[in-house]
Amino acid sequence: MSANTSGTDLTLSGRFNHYSSTYLAPLAHFYARLHSRLYARFGGSRFTTLQGKPVFRLLLTGRKSGEPRPVMLMLVRDGDDLLVCGSNGGHPGVPNWWKNLLTTAAPAVQVGRDTWPVDVRVVTDEAEYEKHWRTLVAGYPDFATYRALSSRRFPMAVLSRAAGNR
């Protein structure tokens, strides 16, 4: 996956996020949960960015616990759809939210003050994957750093408004 690990194209923030997800996971999880709670507490009107880039709240159900497991993700749009990438900051493992996404019966998103149910489509076609990858990196350049620092292929999905909510 890595095209360049010499450091010339790697962002400092991406390197920091990769380090934190790999070596400071409990602290990173604490911050992510706090961010999600504050975003919800203020109805999506505050805490709407991370490192200057927009974020949204993905509402999932824990695959083992059955409890709500909301997660904050980078907001990258492709038309009316949202793109999500299980980069986990370049960490070697797939994020738990991705595993929950695949098993949640009725996932939803909160973008600002608006919340709606979504249909999830995992991207498997290589050409479509690369097209969406370019969109993801344009929206959040640190994804390229995570990819350069990781040996795994990041899972990707398209979230579309559920059929009854268009």
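1. Contact here means heavy atoms within 4.5 Å. On that basis, and leaving aside neighbours within four places in sequence, Arg57 is in contact with Ser36, Tyr39, Ala40, Pro70, Val71, Met72, Ala108, Val109 and Gln110.

2. The model is predicted: local features need pLDDT of at least 70, side-chain atom pairs count only at pLDDT 80 or more, and totals for chains, interfaces and linings use all residues. Residues are numbered from 1 along each chain as its sequence is written, and side-chain values use heavy atoms, with hydrogens and water left out.

3. Arg57 belongs to strand 2 (residues 53-59); strands (E, at least two residues) and helices (H or I, at least four) are DSSP runs numbered from the N terminus. Arg57 is buried but has no salt bridge, and Glu67, the nearest side chain of opposite charge, is 12 Å away. Buried denotes under 20% relative accessible area, exposed over 50%, and partly exposed in between (1.4 Å probe, protein chains only). Lys and Arg count as positive, Asp and Glu as negative; His and the chain ends are not counted.

4. Four salt bridges are found in the whole structure, each requiring a side-chain nitrogen of Lys or Arg within 4 Å of a carboxyl oxygen of Asp or Glu. One of them pairs Lys131 with Asp78 at 3.5 Å, N to O. Because Lys131 lies in helix 4 (residues 126-139) and Asp78 in strand 4 (residues 76-78), this pair ties together parts 53 residues apart in sequence.

5. Glu130 and Arg147 form a salt bridge with closest N and O atoms 3.1 Å apart. Glu130 is partly exposed at 25% relative accessible area, whereas Arg147 counts as buried at 14%.
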